[in-house]
Amino acid sequence: MMKDPFGGMLLNTAFRILVPFSLIYAVYVLILGESSPGGGFQAGVVMGFGIILARLILGEDSGIFNIRLKNSLTLAGCGTFIYTLAGWLTLAGGGKFLDYSFLPVAMEETHELHALGILMIETGVTICVMMTILNIMDAVVRRSED
């Protein structure tokens with residue numbers, strides 16, 4: 001699987017510009033997803049493809065952006081757990097599933113609780129989507145080498 005780096009001077013320069021920008025943009029989309037278009041799925045896709053681009057250019061043996069299959073499956077499950085945790089917390093607070101006004105967090109305003117709940121959901125979705133994209137890419141590359 002992508003043992004040798006694919007880069008050259010031009011690709012390495014583009015990598016140093018594009019990948020950090022894409023990761024920062026993904027965090028921006030994640031954080032502003034509660035009040036504007038975007039959110040967890042879009043942020044996860046942008047992060048996932050930023051990491052795929054880095055892995056394609058740098059190769060598999062570079063330590064940076066190299067997430068093993070076992071760890072990526074665990075992180076995808078953790079993302080799903082974060083999503084469901086937001087719902088369980090609202091149930092523990094006495095409300096309905098994903099009714100953010102019942103989050104057991106000391107905040108004055110209901111809209112702050114809503115924003116916190118949405119951020120929890122979108123963070124979980126981002127992690128799960130990013131890891132799923134990496135798992136799909138790893139499966140396609142491994143299958144093509146067999």
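Modeller: Start with Cys78, which comes out as partly exposed at 38% relative accessibility. Here, buried means under 20% relative accessible area, exposed means over 50%, and partly exposed lies in between, using a 1.4 Å probe and protein chains only. Cys128 also counts as partly exposed, at 22%. Searching the whole structure turns up zero disulfides, a disulfide being a pair of cysteine sulfur atoms within 2.5 Å.

Keep in mind that this is a predicted model: local features need pLDDT of at least 70, side-chain atom pairs count only at pLDDT 80 or more, and totals for chains, interfaces and linings use all residues. Residues are numbered from 1 along each chain as its sequence is written, and side-chain values use heavy atoms, with hydrogens and water left out.

Next, look at Gly77, which is in helix α3; helices are DSSP runs of H or I with at least four residues, numbered from the N terminus.

Together with Trp88, Leu91 and Phe97, Phe81 makes a nonpolar surface patch of about 430 Å². To join such a patch, a residue needs over 30% relative accessible area and no salt bridge, and nonpolar side chains are linked within 5 Å. A salt bridge means a Lys or Arg side-chain nitrogen within 4 Å of an Asp or Glu carboxyl oxygen, and areas come from the Shrake-Rupley method with a 1.4 Å probe.

Then there's Leu98, in the loop between α3 (69–92) and α4. Leu98 has a positive phi of about 65 degrees despite not being a glycine, and is partly exposed at 24%.

Now go inside. The largest nonpolar core has 12 residues, including Ala26, Met47, Ala76, Val129 and Leu134; a core is a set of buried Ala, Val, Leu, Ile, Met, Phe, Trp, Tyr and Cys residues joined through side-chain atoms within 4.5 Å. Both α2 (40–58) and α4 (110–145) supply at least two of its residues, with α4 giving the most, seven. Beyond neighbours within four places in sequence, Ala26 is in contact (heavy atoms within 4.5 Å) with Ala43, Val46 and Met47. A second, separate core of seven residues includes Ala86, Leu103, Leu113 and Ile118.

Definitions and conventions: Patches are made of residues with over 30% relative accessible area and no salt bridge: like charges are joined within 9 Å, nonpolar side chains (Val, Leu, Ile, Met, Phe, Trp, Tyr) within 5 Å.
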